[in-house]
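Please read them with the structure open.

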Amino acid sequence: MQQYSATRGQILKLLEAEGDTSQESIKRVSEATGVPEADVYGTARFYDLIVRPGPRVCQGLSCLMAGTEELCEELTDAGISFHRVSCLGQCDRAPVALDGQMTLTHCGPKGGISPDSSELAMNLAGAEDLNYPALALARKNGAEWVAEQLESSGLQGRGGAGFPAHFKWNAVRKESGPTKYVICNADEAEPGTFKDRELMSRRPHLVIEGLAIAAFCIDATDIYLYVRGEFPGPGHSLEQAIKEAAQHLGDFNFHMVHGHGAYICGEETALIESIEGKRGMPRLKPPYPTQEGLFGKPTLMNNVETLACLHSVLCRGGDWFAGLGKTEPGTKLYCISGHVQSPGVYELPLGVSLDELVQAAGGYVGNPMAFSPGGASSGFLPISERDRPLDFRGLPEIGSMLGSAGAVVINDTVDMAWAARWQTVFFEDETCGQCAPCRIGVRYVRRALDQFIEDGDSSHLDHLNDVAWEMAEGSICGLGMTAALPARSAMQHFPQGFSRDGEESHDG
Amino acid sequence: MEKSPMTDKFDITLNGIRLQCESGETILDVAKRDGTYIPTLCHDPRLDPAGACRSCLVEIDGQRRLQPACAFKVTPDLNIHSESARVRKHRKILMSLYMADHGAPLETEHNGDQLTRMARDCGPLLALNPVEAPRAARPAEDNPYFTFDPSLCILCARCTRYCDEVEAVNAITLSERGASTTIATAGQRTLMDTSCELCGGCVDTCPTGALMEKKPAKLNQVNPRKVRTTCNYCGVGCQMDLNVVDDKVIKVSSPEPGTTLNDGNLCVKGRFAYDFIHHQDRLTSPMIRGTDGQLHEATWAEAIETAARGLLDVKERHGADSLGFISSSRCTGEENYMMQKLARAAFGTNNCHQCAAT
């Protein structure tokens, strides 16, 4: 049932302040908001940071390869209790642990970024421009001009799908009605991905200026920023930027919403549900958020990086931006972690190869065997694809995708069944549980991999491709559609790793 | 004249057959009217479509993904396939997954269990190992009428949506996430300690037998005769079906939603309080207390005459306004009318009242 209670959106914030899901806390939040107790409880129990607050150790693939198990032993020996949790978005400084306030307590060396250059659209090392010239240009030349620049820039949505950004903008622009919303999707949580974290920390004004341009363009007043709960620092940078640029932003209301520990809330309709104070379960599409989004109103939602590109798209022109790319328009923030010398975020022409990306990161460590081009959802590719352009259109041709461009390199010391198993654990931990293909399928796949790893009998994997097919066909959202890809692609590209019979398994 | 969008009529094609429909209808609405079977589990016509069980997915020309028939609204000239090879393959693997998640073997059919019937319709399923999902039950559930077995639950959320959308009681909710997702109350308290009114609508709408009535468990396998009747606990006139085996009422079930005034909804009394029917203490004939102080069986004529004589005696001795007539909240409107008529016309007093009026 569509219920748009004015106070419902507050329940997650109140619950986090309560610090637990005890009966007393639930009752207080229910009384404060008028939301039934059961609803408060069910919503609370969806979110990991509410259910399991406290110190956490990342068990994402990059951290596991860098020594999660050793870190866990170290913490246990020191008498520190902690939860092992899904990727914390710190793969460039793996392995990591956070304390209860989400501050890094244990990590490797700090990740690298691209050096300052005027030929980069976002330029992480560059200086911020507090004059918001792109917003001024937009106000001067009008929404139609902005839309034209956006179209000629060829900018593709940087959240993962890679659809031309102007499609969405125009779809919301043509919706009638007095109320529309803009949302910044800063719930970055794809394993291997940490670009938005750097962008928010280093160039928050690019993001805020982009949001203001978007709101101006679609005629919206209210702007929501949904920032991953495990990223308090980047969230704080954004809040500071809003204060610093207040003189340019008088006609907009900014709303900061902090996530509560659920990867699925990066899916745009789940994110909307979460802002509305509900369990983060994706909605059926159609209708799309551009038609019926936040509180049922037309909503424009863009990824942090998409919004951050607007500054240079408008200041230097759509054609300039388009010309930056190699196979597709623009420069792109590529994350790289795993077995490379200098993990980090590198802004490179869209369409560079893995070799070019790894070159920016100082080269490979050991003998590379496999890589994920765009996070766990993109599965694994053999290193023989190292020359292929890492772009939105090309990678789907070989059953993968660029996604969030969170590349992870794996060398030949790693057992691919083990790697596939851990990527699948991630999806099993993060599936919302709403639809059967994803909820049951991903658990089936993880257990099949576990059984194979335990006894080496490959017949455990007999039905895996059928189950993966159904997950792709039958799931409601993208999580379920791709959750079996790590296992399926590992089996496809590394069959030798899945045919042991009775042989001892080893881990990475 | 321009057509109003409310009555916009057009054709779609379902499995090669042209069908007329109206804007606002779903594919499932049109298929049902045509008699074309599309399997559903999370669908209940009283609820907003959830599209969560995925059993009604169909193929639509021009749509990259399979779409849920229960939620997808028709538009002119849609070309829909509900029995294509892709849809059949989807159903078969989906049902295989459900059975891997479901605690009961395919051969067992629970009362009201749509799931296993549907799974059997799909032909031989994939032999998937059980996934052993860690769904929790309420540890101290002690309500007198029904049980929840999480191992049989498929999380279609019909029960929680019914409790919210139809009853607006919100006693139960989806809780946890992923494979641990379960049906919970606030803090996993017993239903007796929540806003639950024990209406049992959740049990009635459950398609798998995860929610089960306690009483008729022994008679699970029988196919009872259903006798449609009107609930006599109050004047609303809810229709219900007495489930009868060997002339004994073993259970009350809801008529199909959309077919009766009460839309299949019942309250705790109508659904669960039927023990009196065969109770040994039930009066089956009128009784008159004799001069010996004991109750004696009588005919209706004797009983009515005795009551009438007593009332007339009071009227004669103390006047008509010394009498008062109160009718039960279980009476219908017609019965209440008769009661006030009796008070006013036969006894001559306006002292009449209906206990539900306060």
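**Notes on chains A and B**

1. Of the 508 residues in chain A, 61% are buried. Bear in mind throughout that this is a predicted model. For chain B, the buried share is 35% of 358 residues.

2. Chain A holds 21 helices and 14 strands. The C-alpha trace of chain A spans about 70 × 55 × 45 Å along its principal axes. Take the contacts in chain A with a separation of 6 or more: 72% of them link residues 24 or more positions apart.

3. Chain B has 8 helices and 16 strands. In chain B, 57% of contacts between residues at least 6 apart in sequence join residues at least 24 apart.

4. How is chain B divided into domains? The assignment lists domain 1 (5-83), domain 2 (223-279), domain 3 (283-318) and domain 4 (322-358). The C-alpha centres of domain 1 and domain 4 of chain B are 52 Å apart.

5. Now the nonpolar cores. The largest has 220 residues, and A:Val207 and A:Leu357 touch the most other members. Helix α11 of chain A (residues 204-218) contributes the most to this core, with 10 residues. Beyond its neighbours within four places in sequence, A:Val207 contacts A:Cys184, A:Leu199, A:Met200, A:Leu238, A:Val304, A:Leu307 and A:Ala308. Another core, of 19 residues, lies apart from the largest one; B:Ala31, B:Leu57, B:Phe72 and B:Ile80 are among its members.

6. Look next at a parallel pair in chain A. Strand β7 (residues 222-227) and strand β8 (residues 253-258) of chain A run parallel, joined by 6 bridges. Within this pair, A:Ile223 stands opposite A:Phe254 of β8(A). Between the two strands, the chain passes through helix α12 (residues 232-244) of chain A, and this β-α-β crossover is right-handed.

7. A second sheet topic, also in chain A. Which strands form the open sheet, and in what order? There are 6, arranged β5-β11-β10-β14-β12-β13 (chain A), with mixed pairing. β5 (112-113) and β13 (381-382) of chain A are at the edges; each has a single partner strand, so one side of each lacks a neighbour in the sheet. Strand β12 (residues 368-372) of chain A pairs with β13(A) in the antiparallel sense, over 2 bridges. A:Ala370 has A:Pro382 in β13(A) as its bridge partner.

8. One residue to check: A:Pro133. This proline is found in helix α7 of chain A (residues 133-141). Is A:Pro133 buried or partly exposed? It has 14 C-beta neighbours inside 10 Å, so A:Pro133 counts as partly exposed; the buried class needs 20 or more. A:Pro133 and A:Ile223 are 90 residues apart along the chain, and their C-alpha atoms are separated by 20 Å.

Conventions:
Residues are numbered from 1 along each chain as its sequence is written. Chains are lettered from A and ligands numbered from 1 in the order in which they are written. This is a predicted model: local features need pLDDT of at least 70, side-chain atom pairs count only at pLDDT 80 or more; totals for chains, interfaces and linings use all residues. Helices (H or I, at least four residues) and strands (E, at least two) are DSSP runs, numbered from the N terminus. A residue is buried if 20 or more other C-beta atoms lie within 10 Å of its own, exposed if 12 or fewer, and partly exposed in between; C-beta atoms are placed from the backbone. Two residues are in contact if their C-beta atoms, placed from the backbone, lie within 7 Å. Two strands pair if DSSP finds at least two bridges between them. A crossover is right-handed if, with the strands pointing away from the viewer, the path from the first strand over the helix to the second runs clockwise. A nonpolar core is a set of buried Ala, Val, Leu, Ile, Met, Phe, Trp, Tyr and Cys residues joined through C-beta atoms within 7 Å. Domain bounds come from an automatic or database domain assignment.
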